Amino acid sequence: MLKTRDCGDLRPTDVGDRVTLAGWVHRRRDHGGLIFIDLRDRSGLAQIVFNPESHPETHDRADALRNEWVVQIEGEVTRRPAGTENAKIATGEVEIVATSLTVLNPSLTPPFAINDDSPVDEALRLEYRYLDLRKEGMQRNLKLRHRVTRYIRDFLDARGFLEIETPMLIKSTPEGARDYLVPSRISPGHFYALPQSPQQLKQLLMVAGFDRYYQIVRCFRDEDLRADRQPEFTQLDLEMSFVEEQDILALMEELFAGLVESVTPHLKTSRPFPRLTYAEAMDRYGTDKPDLRFGLELVDLADIAVETELGIFRSAVDQGGTVKGFVAPGCAGYTRRQINELIEFVQARGAKGLVTIALAEGKSLDEMELGDVRSQVTRFLSMDQVRRMAQRAGAGPGDMMLIVAGETSVANTALAQLRNEIGRRLGLADPSVLAFAFVVDFPLVKWNADEKRWDALHHPFTSVKAEDLPLLDTDPGRARSQAYDMVCNGFELSSGSIRIHERHLQEKMFELLGYTPDEIEQRFGHLLRAFDYGTPPHGGIAYGFDRIVMILAGSDNIRDVIAFPKTQSATDLLMGAPSPVDPQQLADLHLRLLE
RNA sequence: GGCCCCGUGGUGUAGCCUGGCUUAACACACCACACUGUCAAUGUGGAGAUCGCCGGUUCGAAUCCGGUCGGGGUCGCCA
C-alpha cells in the first residue's frame with residue numbers, strides 16, 4: 001500500500017506515530033516559510049506542515065504543489081501548537097509534519113473548484129463528473145446511497161429474503177413505458193428489450209417457490225425525463241408468496257422506519273405511517289402522492305358554487321366537473337401581482353383560472369360584510385355563500401381561499417400543485433420531516449378515452465379486491481384493486497400489489513383490457529402457462545431506489561444521488577452517449593438506418 | 001410534441017428591460033513576488049472573455065428581433 005492511514009481518521013491518540021498518507025491537495029497555504037497543505041482522501045482532510053528548518057528539501061518541493069495534485073506524504077503525527085487547533089475539521093487537533101513528499105501525479109487546474117460548494121453549471125459538472133464526484137456533497141450522497149443499500153440488504157436478509165438476479169435482455173412488452181430495444185445479431189430482425197422492471201420474472205420466481213425475493217436492480221424506460229426520473233434507474237424490487245396486502249405494508253413500514261432511524265437519524269418520521277385510500281387522497285389533496293408534512297386540505301365547494309351567480313362555477317358543475325379549493329392562511333394581504341402569479345401557476349397546469357377570496361382582518365366571519373371580502377368575483381357572490389365556503393374550508397379573517405372550477409382531474413392536478421406551492425411559500429414543508437404514508441385501494445382500471453378501452457392503472461397483473469370482483473362485468477371503473485403506493489413528502493416512492501395467481505382471472509383481466517386471444521398468447525402465454533402449475537398467492541412492491549436516496553439526502557433532484565446520470569435529453573455528457581456506430585456494427589445486427 | 005427559464009474570462013455573477021457614457025465590471029480561481037502558525041491565509045502586481053452559434057434590424061448590438069444548439073424546470077408521457 002502507498003499509505004498506512006486515512007487522512008480523516010487521525011486523532012490526538014495517534015500523536016507520535018509515523019504515518020504515510022496519500023491523497024489530493026485540497027488546499028494550499030504558503031507562508032513563504034511554513035507551507036500548509038490540506039490533504040484529502042475519501043475519509044476527510046488532514047493538515048500537513050512543511051517546515052523549512054527541519055526538512056528544507058521537502059519544503060522546497062512542496063513549493064510546487066497545486067490543488068488536486070496527488071501526493072504521498074510521510075511524516076509524524078503531532079499535536080498542533082496550542083491555539084492553532086481547527087474545530088471545523090475532525091482532524092483539527094493534530095497535524096502531520098512532513099518528512100518526505102512524493103508527487104504521485106500532478107493535476108491541471110480543474111474547470112471548477114473542488115474545495116468549495118458554490119454552484120456550478122450542471123452541464124459542466126456532468127462533463128467532468130469524476131471531478132464533481134470528488135466534492136464533499138456528492139461523496140456524502142454516494143456514501144449515503146451505499147448505507148441505504150446495505151441496510152436494506154441486511155434487513156431483508158434477516159427476514160429470509162433471497163436476492164436473485166434476473167436478465168437484462170428480455171422480451172419486449174409494448175404496453176406500459178416505451179422499451180429500450182437491443183437488436184439480436186443471432187436472430188435477424190428480432191430484438192430484446194431492457195426491463196422496465198422485473199415484474200413478470202419475479203412472479204415466475206414465486207411460481208418457482210422462492211417465497212421471498214428481492215433485488216436492487218437497474219430498470220430502463222424510454223420516456224421523457226424529469227427531476228425525479230432518469231431513463232435508467234434503480235428499483236428495490238421485492239415479492240413474497242402467501243402474503244396479503246397488510247403483510248407487505250407492515251413489513252415496508254418496519255423497513256423504512258428502521259432505515260431512517262439507522263441511516264438518517266436526524267430526520268423525523270412518525271409511526272404508524274398513515275394509510276389513506278386513493279379516493280381520500282384525491283378528495284383531500286387532489287393527488288395520489290400528497291405531501292403530508294402540512295395540511296392545506298382541499299374541500300369540495302360544488303354545492304355552494306351552483307347557488308352562486310358565477311358562470312364558471314355553475315358550468316363546471318353542470319358539465320360534471322368540480323369546484324374545489326383550500327385556504328392559504330394569512331395570505332389575505334397578497335398583492336395583485338402575487339395573485340396573478342398564482343393564477344398563471346394554475347393556468348400553466350391546465351386550469352382555466354383561479355378564484356381567490358381574501359377575507360379582511362379585524363372582523364369575525366359572522367360580522368363580515370361583502371365589503372370585507374376581496375375577490376375578482378365578489379359581485380357574483382353573496383356574503384352567505386362566502387361565509388359558508390369559508391366555514392367549510394376553515395378560512396378566517398386574514399386568510400385567502402384559492403378555488404379552481406373545472407373538469408375534475410384538471411382541477412385536482414392544478415390544486416394539488418398549487419397546494420405544494422403555497423406550502424413551499426409559507427415554509428410549511430419541514431425539511432427535517434419524512435411524512436411517509438401508504439395510499440391504498442387504487443382503482444383497477446381507468447378509461448382511456450383516446451383508445452376507447454380500459455387501461456390498467458397499476459399493471460395488468462394486479463388483482464381486484466375480492467368484494468369488487470363482480471364489478472369487472474358491470475362497472476369496471478369502480479372496481480378497486482389490491483394495489484398500494486408508498487409516498488413521502490409529495491413523491492411516489494413505490495407501487496405494489498397483490499397479484500393475480502389464477503389463470504382464469506388473469507385471462508379475464510387481459511380480456512377486459514382489450515387483448516385478443518392471439519395477443520394474450522403472444523405476449524403473456526409464458527406467464528399463463530406458469531399459472532397452470534401451482535402458483536402461490538403472491539404480491540410485492542417496487543421502490544424507486546434513487547428517489548429513496550434523494551429524499552434521505554435532502555435533495556430534490558435524482559441526479560444528485562446517481563454517480564453518472566444523464567441529461568434531460570437522455571445523453572451522457574461524460575462519455576458522449578448515445579453516439580453513431582460503425583456501419584459494420586449495424587450490418588452485424590442486420591440494421592440499416594433510415595435517412 | 002407543447003410551455004417556461006438560463007447561456008457574458010477557468011468558475012459564479014453584474015451589465016441586457018431603457019442600444020452609444022464599456023477600453024465589458026466584480027468576486028473566486030490562475031500566474032509572479034513577498035511573508036514561519038495558517039486553515040476561505042494575507043499583501044502587492046499580472047494575465048485572462050469580440051458576451052453559446054447563425055442571421056437580421058440599426059450609423060452603432062452583450063443589449064432589440066428571428067432561427068439554431070446546449071443545459072434546466074414542467075405539461076403530455078412514465079402499464
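Predicted model: local features only at pLDDT ≥ 70, side-chain atom pairs only at ≥ 80, totals over all residues.
Residues are numbered from 1 along each chain as its sequence is written, chains are lettered from A and ligands numbered from 1 in the order in which they are written, and side-chain values use heavy atoms, with hydrogens and water left out.

Start with the domains. Chain A is assigned domain 1 (7–105), domain 2 (140–275 + 436–561) and domain 3 (294–425). Such bounds come from an automatic or database domain assignment. Between the C-alpha centres of domain 2 and domain 3 the distance is 38 Å.

Now the spaces. Rolling a probe the size of a water molecule over the atoms shows where empty space is left. The search runs on a 1 Å grid over the protein atoms alone. A cavity is a set of points where a 1.4 Å probe fits but cannot get out. A pocket is an open set with protein on both sides within 12 Å along at least five of seven lines. Lining residues have an atom within 4 Å of a point. Grid points are joined across faces, edges and corners, and a volume is the space filled by probe spheres set on the points.

The second largest pocket has a volume of about 970 Å³. It is lined by 34 residues, and Arg134, Lys135, Glu136, Gly137 and Gln139 are the closest to its centre. Strands S1 (18–30), S2 (35–41) and S3 (44–50) each give two or more residues to this lining, as do helices H3 (129–132) and H4 (136–158). Helices (H or I, at least four residues) and strands (E, at least two) are DSSP runs, numbered from the N terminus. H4 gives the largest share, seven residues. By class, the lining has 15 charged, 10 polar and nine nonpolar residues. Here Ala, Val, Leu, Ile, Met, Phe, Trp, Tyr, Cys and Pro count as nonpolar, Asp, Glu, Lys and Arg as charged, and the others, Gly among them, as polar. Domain 1 and domain 2 both contribute lining residues, so the second largest pocket lies between them.

The structure holds one cavity of 30 Å³ or more. The largest cavity contains about 50 Å³ of space. Its lining is Leu126, Arg129, Phe564, Pro565, Asp572, Leu573 and Leu574. Five of these residues are nonpolar, two are charged and none is polar.

H4 also takes part in helix packing. H4 and H6 (residues 245–263) pack at about 140°, with their axes 10 Å apart. Axes are lines fitted to C-alpha atoms, for helices over the stretch in contact, and angles run from 0 to 180 degrees between N-to-C directions. The axes of H4 and H16 come within 10 Å and cross at roughly 120°. That makes H4 oblique to H16. This crossing is right-handed.

Another pair is H10 (residues 336–347) and H12 (residues 408–425). Their axes come within 9 Å and cross at roughly 140°. H10 is therefore oblique to H12. H10 passes H12 in a right-handed crossing.

Finally, the backbone. Arg271 and Pro272 are joined by a cis peptide bond, with omega about -5°. Pro272 sits in the loop between H6 and strand S11 (275–277). The bond from Ala577 to Pro578 is cis, with omega near -5°. Pro578 lies in the loop between H16 (545–552) and H17 (583–588). Phe242 is not a glycine, yet has a positive phi of about 60°. Phe242 falls in the loop between strand S10 (232–241) and H6.

Technical notes: Parallel < 35°, antiparallel > 145°, perpendicular 65-115°, else oblique. Left-handed = near helix turned anticlockwise from the far one by under 90°.
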